Amino acid sequence: MTNESKEFNEVNTESKDANETPSGFHPVYMVELLFQERPEVDRLRLQEAMIRHTGQVRLDVKQGDAEQDHEMLVFYHLNHKVSFQEGDIPAQTCMLPINEIADRARFGGALQQAWHWPEAGQAVEGARYSIRIHDMFTAAMPRKQRLELFQKTVLAIMESLACDALYWYGSDKLVEPEAYAQAQEREEHLYAAMNVRMYQAGGTEEQRELVMDTVGLSALGVPDVQCHFVGLDPDTVAQTLLGAAYYIFDQGDVLQDGQTLGSSGGRRWRCEHQAALIAPGRYVVDLHPGDEHAAADLEPARQT
């Protein structure tokens, strides 16, 4: 991610009025699989793959008709229980019917920030069908367990249905399927679940004023990270954000306002909980780059 090779996106924080900044938490976590050709769903093969990846599974077919492609499948993950006042129930994953893609506007933001996958636009343009999957009754699970189960579920479905792209709603990120599978093998838990974004907020050609942030952590219940700066290498800032994000995902929202984090080169970044500068509206941990590289204040984003 370098300013020489990429076009910057202008900051746009316009949105509807809101009384307070929302958490950004996603009680229902969703991913969309994109296909160039209409996929053929083999329920038995899918269930077998799900068992290998997630443990014992019961499959239920909902709202079906004579054509298998129009059935909604619900997987009950019997080895993953969620506790409620009324008792424990299995975590569930819902696989919605195959959908013909008519409107690609929902991928616009992800395409603008697809630094990691230059061919994302071609994949979206060529996709004609999609299948959405989302979890159910998992919002009360610890975030690490919830994400791990969901990621294993995605891998199981990919094993049965070869897709051409993955769109993660929580991180507004388009992901190449093979890159996702390889990232999971490397235990890069946030590769798809989080994206690092970059926006130009003003300044001159020689001294750009930039905002960089992560998006995706808030969907899982902990703050994202942002930095508003001038005169720093965006790649350095990106690595700092990544390090801070993985720390927050692992440890939770433990950073205190005024606490400093270190990074390569000996730089110290002062932390402060703030409203996000870039939509979606949510709380983030702002990393102050020091007075020399601090940019002028911006109005925070509100919930759209």
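Predicted model: local features only at pLDDT ≥ 70, side-chain atom pairs only at ≥ 80, totals over all residues.

The entries below follow that order.

Residues are numbered from 1 along each chain as its sequence is written, and side-chain values use heavy atoms, with hydrogens and water left out.

**Whole chain.** I looked up the secondary structure and found 6 helices and 15 strands, taken as DSSP runs (helices H or I, at least four residues; strands E, at least two) and numbered from the N terminus. Of the 304 residues, 48% count as buried, meaning under 20% relative accessible area with a 1.4 Å probe, protein chains only.

**Core.** I then turned to the largest nonpolar core, which has 63 residues; such a core is a set of buried Ala, Val, Leu, Ile, Met, Phe, Trp, Tyr and Cys residues joined through side-chain atoms within 4.5 Å. Among those with the most contacts inside it are Leu33, Met95, Trp168 and Tyr180. Another core, of 13 residues, lies apart from it and includes Leu34, Ile101, Ala165 and Leu174. Leaving aside residues up to four places away in sequence, I listed the partners that Trp168 touches (heavy atoms within 4.5 Å), including Tyr29, Phe150, Tyr180 and Ala193.

**Helix pair.** Last, I checked H1 (residues 43–54) against H4 (residues 143–160). The contact includes Leu46 and Met50 of H1 and Leu149 and Ile157 of H4.

How values were computed:
Buried < 20%, exposed > 50% of the residue type's maximum accessible area, 1.4 Å probe, protein only. Axes fitted to C-alpha atoms, helices over the stretch in contact; angles between N-to-C directions.
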